[in-house]
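Here are a few notes to read alongside the model. They cover the aromatic rings and then some backbone points.

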Amino acid sequence: MRSFVLVKFWRSCLFIASAGLVVSLVGGPHALARGPGLTAFETLYGGVSDSSDVAQCAVCHATNPGDASWNQYGWDINAVLGTPGCDSWQAAIQCVENDPSVSDVPGTYTYLEEIQASAQPGWTAGNANAVYTNSGDLFDRPPVADLGPYDPLGGGGAGGAGGGGGMGGAGGDCPTTGTIPPEQISDGTILVMPGQSIQEAIDLAPENTRIEIQPGIYEEPCNTTNGLNVTKSGIHLIGLGTSAAGPDSVDEERVIVRSTGDPQRNGIVIVPLEVPAEAQPLFGLKVERTDCMGCHSDMAPPFPLLPGVPHVILKQNDPWLTDIRVEGITIQGFSNNGLFTEHVDDFVFDDVESVDNRNYGIFPVLSANGVIRNSYSTGSDLDSALWVETSVDVEVRGNLVENSVNGIEVSNSDGVLVVDNEARNNTVGAAILLLPDIYDNRDSAKRIDMENNWLYDNNKPNTARPGSILAEIPSGIGIIYLGVDDSVASGNLVENNDFAGIAVVDYCLPLLGTDFGCTVDPTITPDFLLDETAENNRVEGNTLVNNATNPAGQFAQFAGDLVLLTGEARGNCFADNDFDTEFSFTGELPPCPEDPETGGAGGMGGEGGAGGEAGSGGSDSGGGGGGGCAVDGDGDNGPAAAWLVLLLFGWALSRSRSRMKTST
């Protein structure tokens with residue numbers, strides 16, 4: 001029966017997107033519900049054993065009001081639909097029925113035998129049925145009421161692969177309930193032992209519960225998208241291991257949440273369960289935030305949506321979780337995220353390990369008032385080991401990040417302190433960014449301070465996904481501030497990075513001539529163009545050693561221990577840094593005023609592009625340029641901008657120099 005288990009999940013996205021095919025059978029009058037699946041069944045067999053509307057829907061579905069749901073038969077047909085030899089609905093039905101290993105319950109009649117006996121396929125007598133939904137799968141269920149006859153030999157649960165991020169697992173190996181004995185459950189605390197289910201403890205826990213976990217390896221197969229889902233406030237996941245996070249940690253002394261393999265994408269997901277009505281798919285399915293694949297066809301950037309899912313940005317008035325703790329836990333081997341939060345206020349991630357979670361290791365989004373400390377993240381070879389995105393008031397302290405594209409990334413966030421961290425063997429040690437594609441989520445990147453960090457040997461070849469903006473960044477950067485304002489880099493030791501030690505850069509300048517240039521990228525809006533310049537950043541008291549010694553590629557001319565790639569100073573300034581080499585479009589690195597509160601002198605306003613106004617107060621980004629997807633800007637200032645870059649580049653090259661000095 002489980003021969004199709006891996007195919008089921010991947011085909012589920014097609015099935016969801018093709019809502020008019022079978023999902024339309026759920027709810028509503030029969031005259032409006034008929035789809036090609038039922039038509040194909042009737043073409044083959046002349047109808048069902050019971051001709052009522054309920055029975056016709058129940059060939060493939062469980063009739064749960066308001067929720068699309070499938071029985072085992074419908075789910076198995078969906079699993080093979082579109083595979084070689086099963087391209088049409090009739091062919092898919094026959095593919096399932098011609099496989100003698102497939103039935104609604106193992107050891108009972110096959111589907112074809114049920115149909116030949118005029119029994120209802122997909123259901124069996126007793127509490128032995130599986131029901132698959134996009135919000136969670138149910139096992140050991142009774143058949144649909146007033147339906148029959150059905151397979152009389154049923155017994156035991158079916159199990160299955162969760163649909164669209166649901167709760168299905170691999171047959172009887174899915175420990176959904178009953179693994180934690182009552183004596184391990186007390187008021188405010190639940191203890192989890194090896195061989196038991198952490199997810200069961202989370203499900204049992206009311207808000208404000210401490211879940212203590214003994215060291216061991218925990219695989220949670222009951223959800224094919226996420227290892228663990230936390231959707232309640234006040235949940236504290238506390239590993240009781242004795243080995244601290246880091247490359248020398250001892251597995252036997254850690255709590256390890258390990259991926260069960262493809263397609264399990266995320267390790268620990270901490271999100272409010274509710275999805276606002278305006279963000280729900282348009283085809284009648286109700287999804288929850290843990291159901292990633294109910295909305296997305298892929299969880300890799302740019303996170304494409306399924307057909308019929310509105311593009312709605314979840315903002316600050318959406319539901320929040322509060323008081324979340326994750327401590328002493330290793331998260332290992334997930335294809336997307338290790339630890340992900342959205343809309344969480346007051347969180348602490350302490351002594352967390354993210355190992356080989358390929359896109360993002362530790363990843364808070366749209367969150368606030370958090371601390372990430374004493375943690376270790378490695379092996380995010382497609383993106384960032386630790387990424388704070390669209391969040392406010394977060395402290396990143398005392399972590400080690402390595403073997404990733406970005407070691408630490410902070411983007412479109414305010415009030416983030418990055419202090420006492422170590423970043424090594426990444427493509428970029430720390431990327432502090434203002435990005436256009438998430439600008440509508442948070443239109444600010446300010447007060448992101450880098451203090452007393454050690455960033456060295458960040459020369460890993462760039463393995464970001466080809467075609468992504470991250471793939472455009474050269475290897476060998478210690479710290480880059482891109483389009484960021486009002487931030488301070490101080491007291492950092494930055495050494496042995498091939499291209500640049502610390503760089504302060506406008507967003508648009510380095511992307512000229514790429515697919516992400518500000519005149520061609522459709523995600524760039526006029527508002528972003530007014531904000532893309534880096535302004536009022538202070539670089540002081542840093543030690544830079546042996547950087548920019550092996551620059552490569554089209555950006556090699558801009559290499560240096562200290563780099564300023566802005567058309568004007570715009571309040572960016574440098575003071576008391578020990579370094580060898582510099583590069584600046586302004587010719588000299590602008591000095592900082594004695595009073596840090598005053599900032600540097602603003603540059604002269606530049607001329608606005610077509611459709612914009614002249615810059616003022618140190619901003620020369622201008623207006624115009626192509627806007628977002630719904631804006632047809634007619635001001636293409638690309639040639640003028642390119643001419644300005646070439647002019648500044650030639651002038652700066654003539655004045656750049658390589659010498660031992662201290663900036664003042």
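1. Let me start with a ring cluster: F340, Y360, F363 and W387 are linked into a cluster by ring pairs. Rings of Phe, Tyr and Trp (its six-membered ring) count as a pair if their centres lie within 6.5 Å; planes under 30 degrees apart are called stacked, over 60 edge-to-face and the rest tilted.

2. A word on what you are looking at. This is a predicted model, in which local features need pLDDT of at least 70 and side-chain atom pairs count only at pLDDT 80 or more, while totals for chains, interfaces and linings use all residues. Residues are numbered from 1 along each chain as its sequence is written, and side-chain values use heavy atoms, with hydrogens and water left out.

3. How many aromatic pairs does a search of the whole structure find? The search gives 11. One of them is Y507 with F528, an edge-to-face pair with 5.0 Å centre to centre and 90 degrees between the planes. Y507 lies in the loop between strand 34 (500–505) and helix 8 (526–529), and F528 lies in helix 8, so this pair ties together parts that are 21 residues apart in sequence. Helices (H or I, at least four residues) and strands (E, at least two) are DSSP runs, numbered from the N terminus. Y507 and F528 are both buried, meaning under 20% relative accessible area; exposed is over 50% and partly exposed is in between (1.4 Å probe, protein chains only).

4. F558 and F583 also form an edge-to-face pair, at 5.4 Å centre to centre and with 80 degrees between the planes. This pair links distant parts of the chain, 25 residues apart: F558 is in the loop between strand 36 (543–545) and strand 37 (560–565), and F583 is in strand 39 (residues 578–584). F558 is buried, with a relative accessible area of 13%, and F583 is buried with a value of 1%.

5. Now for the backbone. Most residues other than glycine have a negative phi, and most peptide bonds are trans. D346 is not a glycine, yet has a positive phi of about 70 degrees. D346 sits in strand 17 (residues 344–350) and is partly exposed, with a relative accessible area of 30%.

6. D420, likewise not a glycine, has a positive phi of about 60 degrees. You will find D420 in the loop between strand 26 (414–419) and strand 27 (422–424), partly exposed at 38% relative accessible area.

7. Which residues does a cis peptide bond join? They are D262 and P263, with omega about 10 degrees. P263 belongs to the loop between strand 12 (255–258) and strand 13 (266–270).
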